[in-house]
Amino acid sequence: MLMKSIAAGLAGTALLATVAFAQSPTVTTDKAAPAAIATTTTTTASGQWRTSKMDGIKVYNDANENIGSISDLLMDKTGTVKIAVIGVGGFLGMGEHLVAVPYEKLKFVNEAVASTTTTRPATTTTTGAATGTERTATTTAPAASTTSSTSKWYPDHAVFNASKDELKNMPEFKYAE
């Protein structure tokens, strides 16, 4: 029994020594300087937009008509966004016509689209006390005011000077394989 205990102790010691040996640092003979550790320049991104939030932003023309939405942003190797891919028409992504427009031609706006034609009905109900009859009158009231976007991560919408038909007539954008 004593011999089994000694053998088990030696085997356990050998296993622990092997693990400790595997964790010891190796000596390198490289004479190159160690690589510099990458550091970040800022910890906040105030006033910048997330590209992941730009996907799906609605695009309007100068007449406040919805002409499509941003489907993708393409950048060059330096990281500068060069092209915005806009989806025009279609329903739930089906039949959508993709066009590429220069990114600098888009104007981004943080305020919600101002509409001068939208109205909402205001209903007033009056009950005649003597006769017990009820009368409903409908009048037109101005649309509820829109509030500006308070999100600092993406704009409310983009403006591109073209009509929906002009975009549909542009050559279709196709991704290279």
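**Close-up views of a predicted model**

**View 1. Tyr60 and its partner across the strands.** Tyr60 stands opposite Val159 in S8. The two strands shown here, S1 (residues 58–60) and S8 (residues 157–159), run parallel and are joined by two bridges; strands count as paired if DSSP finds at least two bridges between them. As a reminder, strands of a sheet pair through backbone hydrogen bonds, either parallel or antiparallel. This is a predicted model, in which local features need pLDDT of at least 70, side-chain atom pairs count only at pLDDT 80 or more, and totals for chains, interfaces and linings use all residues. Residues are numbered from 1 along each chain as its sequence is written, and side-chain values use heavy atoms, with hydrogens and water left out.

**View 2. The open sheet.** Six strands line up in the order S4-S3-S2-S1-S8-S5, with mixed pairing. At the edges you will find S4 (97–102) and S5 (107–109), each pairing on one side only. From one strand to the next, the twist averages 40° (axes are lines fitted to C-alpha atoms, and angles run from 0 to 180 degrees between N-to-C directions).

**View 3. The whole fold.** Three helices and eight strands make up the secondary structure; these are DSSP runs numbered from the N terminus, helices being H or I of at least four residues and strands E of at least two. Along the sequence, the pattern reads α-α-β-β-β-β-β-β-β-β-α.

**View 4. Contacts along the chain.** Of the contacts (heavy atoms within 4.5 Å) between residues at least 6 apart in sequence, 52% join residues at least 24 apart.
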